[in-house]
Amino acid sequence: RSLAPPRVYFFDDKIIEESAGINLSSETFLGDSGFAPPGTAVIVPSVVSTEGECVPIKAWQTMYYPSCNEIHGLDMIHHSQTSGGDASLIGVNGYWRDAYRVDYGCRKSTTNETAQCDESVILKTLKLQHEVDEFQLDKNRIDSMAMERLTKSPHIIDLFGACGTSVVTEFADGENGRVGTLADKEKKRPLKRLRIARDIASGLADVHEIDGPGQATLAHFDVNLANVVSVKKTLKLNDFNIAVPIRWNTTSGQACGFEARYPNPQWRSPEEANGSTRLTEKIDVFSLGHILFRLICLHEPWHKLEKGYVKGEEIKKDVVGEKVRRGEMPAMPKEVLETDDIEVLWIRHAMMACYTYDPAKRPSAREIADFLERGLADLSKLTHLRRPGHDKFGSFRVGKLKDLPPLTH
């Protein structure tokens, strides 16, 4: 039996049907005690209200299932050598939250001073410099609801509990599980990077299809290398705290767009850089292109090969922002541009499709994932043409772009 907090499952649609659309006051939301009863479906007042003609598409977009008892029951202090747990601060680089590792079933090793623990989870809490307000509470609500609804996806981080501005999730593999580290390790092993690309694209497609194929109802809004983690060798998307539930325009009969927030130009799309107020989930697809870039170019976008780059420094954001607004792509190594490695070509073709300037013509995440899946299937049949460890940028067979099938949209 797991010693960590239990996995959160909710199957009672009746609660959602009866509760959706109720405009609760802050007093009703928290109650006299300040806590919602366990398992209660809560409507957050700031989210229930509509914005003009735009209304929620699905009931879950206005719901919240806090599990405060689980959060408050976390054992944060090591009580003995054989039970209890320790909490250690392991992540401080995020802008909004700190991350603590909480270990369970810990005991001292008989051979050294390092404790051996049966299981670990991650507790994320709001940084002290940020105020606790409706905005922060709603971001945490969306983060937890996204993970709860995406339990079905093997490529989304698992949620164990949520309360206020805190969430508890499964523990990732740390620096060794970062996409860049994995890509560098696997670059000379045929099909490994193509499999990494397929898994990440599949996870993003699951996010957009949180309510099934067709109309996207959620945009991640922060797709970058830091938000892809490895859990027991499975790549998973993480951090939904600035995700956007997509709404529906009751007059036009189309999805409502949304505005740009926190625009770091290194990972953003041209429409974000140009200040569009009608963004769609396709911004995530563009950012996915940057992750594919890292897989085959062996460095992050907008760094090493850019004009004016100084080793050890970042390109100025205003310079990158202007290039992104114009639709320029980050510079690629000559070896990638002129590659004859069919695996690299396959990933590069998907990357270029992600970089499509017009979001209406940009493929969906599912189309990218399906294309990469086909690549895995087709190239897996060509084992006799593999050349493991051939060179720095590729390890498969000689190929040409014409060998690839079309990536239809």
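Modeller: Start with a cut-off: a residue counts as buried when its relative accessible area is under 20%, with a 1.4 Å probe and protein chains only. Cys 354 sits at 0% relative accessibility, so Cys 354 is buried. Cys 297 has a relative accessible area of 3%, so Cys 297 is buried too. Keep in mind that this is a predicted model.

Now the links. A disulfide is a covalent bond between the sulfur atoms of two cysteines. Here a disulfide is counted when two cysteine sulfur atoms lie within 2.5 Å. By that rule there are 2 disulfides.

Take Cys 54 and Cys 256. Their sulfur atoms are 2.0 Å apart, and the two form a disulfide. The angle about the S-S bond is -105°, and the link is left-handed. Cys 54 belongs to strand E2, while Cys 256 is in the loop between E16 and helix H8 (270-273), so the pair ties together parts that are 202 residues apart in sequence. Both Cys 54 and Cys 256 are buried.

Look at the sheet around that link. An open sheet is built from 3 strands, in the order E2-E15-E16, with antiparallel pairing. Its edge strands are E2 (54-56) and E16 (254-255), and each of them pairs on one side only.

Next, Cys 68 and Cys 163. A disulfide joins them, S to S 2.1 Å. This link is right-handed, with 85° about the S-S bond. Cys 68 lies in helix H4 (residues 68-72) and Cys 163 in strand E9 (residues 159-163), so this pair ties together parts that are 95 residues apart in sequence. Cys 68 has a relative accessible area of 12% and is buried. Cys 163 counts as buried, also at 12% relative accessibility.

Helix H7 runs over residues 192-208 and has 17 residues. From first C-alpha to last, H7 reaches 25 Å, close to the 24 Å expected at 1.5 Å a residue. Of the 17 residues of H7, 15 are buried, so the helix is largely enclosed by the rest of the structure.

To recap the links: Cys 54 pairs with Cys 256, and Cys 68 pairs with Cys 163. The link of Cys 54 and Cys 256 is left-handed, whereas that of Cys 68 and Cys 163 is right-handed.

Key:
Residues numbered from 1 in each chain as written. Predicted model: local features only at pLDDT ≥ 70, side-chain atom pairs only at ≥ 80, totals over all residues. Heavy atoms only, no water. Pairing = 2+ DSSP bridges. Helix = DSSP H or I, 4+ residues; strand = E, 2+ residues; numbered from the N terminus. Expected span 1.5 Å × (residues − 1). Buried < 20%, exposed > 50% of the residue type's maximum accessible area, 1.4 Å probe, protein only.
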